[in-house]
Amino acid sequence: MAAVAERERVSTDRIDQLEVALEQARYEATRAGRQYDKVEPENRIVATELERRWNERLRKVGRLEEQIRTAQEMKLNLGISEAERAELMALADDLPRAWNHP
């Protein structure tokens with residue numbers, strides 16, 4: 001039971017870390033978008049580079065969002081039902097008998 005709880009805690013921590021990274025990535029993408037919007041259209045070289053950076057940051061946001069969705073789905077599969085919990089507890093009560101059985 002402790003192992004199941006630890007797996008759930010680790011999963012929650014991972015999701016929390018991803019959400020912090022996503023918040024940072026969204027900030028960076030917004031900032032890159034503002035920089036792109038401020039560039040003079042005549043300055044094509046700078047505009048091209050700023051657009052590339054903005055798109056790169058938007059892709060990072062998308063990857064992090066997907067990682068969070070995946071981690072949340074995996075977390076849902078980590079838990080055990082009450083029936084499974086009861087079955088594990090029953091097995092724990094039978095463990096000495098099974099251990100000592102010839």
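At 24% relative accessibility, W54 counts as partly exposed, a class that lies between buried (under 20% relative accessible area) and exposed (over 50%), with a 1.4 Å probe and protein chains only as cover. The model is predicted, so local features need pLDDT of at least 70 and side-chain atom pairs pLDDT 80 or more, whereas totals for chains, interfaces and linings use all residues. Residues are numbered from 1 along each chain as its sequence is written, and side-chain values use heavy atoms, without hydrogens and water.

One aromatic pair is found in a search of the whole structure. Its members, Y36 and W54, are tilted, with 5.4 Å centre to centre and 35 degrees between the planes. Rings of Phe, Tyr and Trp (its six-membered ring) pair if their centres lie within 6.5 Å; planes under 30 degrees apart are stacked, over 60 edge-to-face, and the rest tilted. Because Y36 lies in helix α1 and W54 in helix α2, the pair ties together parts 18 residues apart in sequence. Helices here are DSSP runs (H or I, at least four residues), numbered from the N terminus. Y36 is also partly exposed, at 26% relative accessibility.

Among the buried residues of α2 are A71 and L78, and the cover of its buried residues includes α1. In α1, S11 is buried at 12% relative accessible area. Beyond its neighbours within four places in sequence, S11 is in contact (heavy atoms within 4.5 Å) with A71, K75 and L78.

Notes. Helix = DSSP H or I, 4+ residues; strand = E, 2+ residues; numbered from the N terminus.
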